[in-house]
Amino acid sequence: MRLRLTLVAALLLGLVGTAGAAGPPPFSARAVLVANGTTGEILYAYDADARLPMASITKVMTALVALERVHPDDVVTVGHQAPAVGEASIDLREGEQLAVRDLLAAALIPSANDAAYALASYVGEGSAEQFVQLMNERARKLGLSNTHYVRPDGLDVAGHYSSARDIFELARVAMRRPLFRKLVRKKAITIAGGRRVYTRNDLLRSFPGTIGVKTGQTEGAGWSEVAAARREGVTIYAVLLGGPSRAQRDEDLEELLSWGFDQYGRVQLIDESRTYATAAVPFSGRRLRLVAASSASRVVRLGRPLVERVIAPMMVRLPVRYGDPLGRVCVTVEKRAYCRPLVAAESIRAPGLVRKLSWYAGHALHGAGAMLSSVFGGIL
């Protein structure tokens with residue numbers, strides 16, 4: 001059994017690097033939000049709670065409600081309402097039959113309004129209006145307090161709005177659905193009727209790491225989008241509402257996403273080559289080095305405090321073998337601890353009787369000498 005006189009040390013190491021930029025890049029939009037998609041942390045927000053038209057970003061909720069209520073392989077017979085919607089479409093014909101997954105692809109990739117209406121009518125049991133009620137119920141359950149739907153496609157109409165913050169939260173929820181996640185990262189796909197459809201999300205071609213999610217544009221909403229990209233285990237979302245043009249929207253989103261990634265960096269939190277503590281070795285003047293069993297590096301938010309905590313014995317009991325676990329080192333950043341065992345950096349055999357006697361004798365002589373020096377030193 002090891003001698004468990006334990007030393008616990010905690011050290012504030014300082015800040016994990018420095019943030020990659022003092023502030024976000026300039027943009028031209030009515031509202032903007034940049035956030036970590038994994039943790040939900042908002043990195044930057046501008047007028048993120050303003051109620052604004054969001055155009056075809058609406059179809060994120062349309063797809064989510066459909067996925068939650070019907071099976072992707074269900075077959076939908078197109079009614080009279082969908083072909084009459086107009087604007088972006090895949091030219092659906094009344095009476096045509098398509099699988100739900102094909103309608104989802106059409107609604108999310110080329111942003112077809114007729115596909116969104118066909119889904120709404122099917123899920124709403126023949127009534128797009130009833131489906132819109134389901135959309136609003138889902139929004140309330142998600143806590144989207146600045147969102148209200150009037151249509152399933154997102155065309156301009158009074159009372160149809162959302163906010164950058166609500167859109168971010170909705171997109172995160174929708175992206176947990178495998179089929180949704182798969183569709184919104186497609187550049188092109190062939191669906192029923194041999195239709196080849198192409199994405200309206202330019203970032204899927206121009207910005208490395210983009211994984212979705214949805215664009216939108218109407219006269220009232222301007223050029224809008226919720227975009228998500230993933231690099232080195234970090235997912236960044238950027239929501240932009242009311243951009244002046246497609247090109248400006250794309251440029252602003254790329255810069256906002258890049259700025260979001262710049263707030264993170266890979267940091268060496270634990271180094272296996274470093275000595276984190278030493279422990280006394282019985283019957284000797286030596287000290288045993290304790291090192292981390294392995295290194296740990298993580299991508300973390302820059303500019304955050306980093307705290308190191310070392311737990312180690314003050315003295316060990318022999319014998320000790322190389323690699324024996326004898327303590328622990330933990331580094332905490334952003335309330336998350338990354339830990340590694342501390343292990344012996346060498347093997348040390350247990351002392352024999354002769355060595356023990358020699359050590360005791362040496363300490364006895366040393367003690368006697370110290371006592372005599374004290375006595376005679378005082379007399380002199």
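The legends below describe close-up views of a predicted model of a protein.

**Figure 1. Overview of the predicted model and its elements.** The protein has 380 residues, of which 49% count as buried, and its secondary structure comes to 9 helices and 17 strands. Among the contacts that join residues at least 6 apart in sequence, 66% link residues at least 24 apart.

**Figure 2. The nonpolar cores, with a view of leucine 241.** The largest nonpolar core has 71 residues, and those with the most contacts inside this core are Met61, Leu104, Phe180 and Leu241. When residues up to four places away in sequence are not counted, leucine 241 touches Ala29, Arg30, Ala31, Leu52, Met54, Ile57, Ser163, Ala164, Ile167 and Ser224.

**Figure 3. The largest pocket and the residues that line it.** This pocket has a volume of about 410 Å³, and of the 18 residues that line the largest pocket, Thr39, Val299, Glu334, Arg336 and Tyr338 are the closest to its centre. The elements that give two or more residues to this lining are S11, strand S14 (296-301) and strand S17 (336-344), with S14 providing the largest share, 5 residues. Sorted by class, the lining of the largest pocket holds 6 nonpolar, 5 polar and 7 charged residues.

**Figure 4. The second largest pocket and the residues that line it.** The volume of the second largest pocket is about 220 Å³, and of its 17 lining residues, those closest to the centre are Ser56, Ser111, Arg200, Gly216 and Gln217. Strand S8 (210-218) and helix H8 each supply at least two residues of this lining, and S8 gives the most, with 5 residues. The lining of the second largest pocket divides into 3 nonpolar, 8 polar and 6 charged residues.

**Figure 5. The largest cavity and its lining.** About 50 Å³ of space lies in the largest cavity, which is lined by Leu108, Ile109, Leu183, Val184, Lys186, Thr199, Arg200, Asn201, Val213, Lys214 and Thr215. Strand S8 contributes the largest share of this lining, 3 residues, and the lining as a whole divides into 5 nonpolar, 3 polar and 3 charged residues.

**Figure 6. The second largest cavity and its lining.** This cavity has a volume of about 40 Å³, and the residues that line the second largest cavity are Met54, Ile57, Thr58, Leu144, Thr147, Tyr149, Ser162, Asp166, Ile167 and Leu170. By class, the lining of the second largest cavity has 6 nonpolar residues, 3 polar residues and 1 charged residue.

**Figure 7. Glutamine 263 in the loop between a helix and a strand.** Glutamine 263 lies in the loop between helix H8 (246-262) and strand S11 (264-270). Because its relative accessibility is 2%, glutamine 263 counts as buried, the cut-off for that class being under 20% relative accessible area. The side chain of glutamine 263 reaches the backbone oxygen of tryptophan 259 at 2.9 Å.

Notes
Residues are numbered from 1 along each chain as its sequence is written. This is a predicted model: local features need pLDDT of at least 70, side-chain atom pairs count only at pLDDT 80 or more; totals for chains, interfaces and linings use all residues. Side-chain values use heavy atoms; hydrogens and water are left out. Helices (H or I, at least four residues) and strands (E, at least two) are DSSP runs, numbered from the N terminus. Buried means under 20% relative accessible area, exposed over 50%, partly exposed in between (1.4 Å probe, protein chains only). A polar contact is a pair of N or O atoms within 3.5 Å; within protein, one must be able to donate a hydrogen and the other to accept it, and residues adjacent in sequence count only if both atoms are side-chain atoms. On a 1 Å grid over the protein atoms alone, a cavity is a set of points where a 1.4 Å probe fits but cannot get out, and a pocket is an open set with protein on both sides within 12 Å along at least five of seven lines; lining residues have an atom within 4 Å of a point. Grid points are joined across faces, edges and corners, and a volume is the space filled by probe spheres set on the points. Ala, Val, Leu, Ile, Met, Phe, Trp, Tyr, Cys and Pro count as nonpolar, Asp, Glu, Lys and Arg as charged, and the others, Gly among them, as polar. A nonpolar core is a set of buried Ala, Val, Leu, Ile, Met, Phe, Trp, Tyr and Cys residues joined through side-chain atoms within 4.5 Å. Contact means heavy atoms within 4.5 Å.
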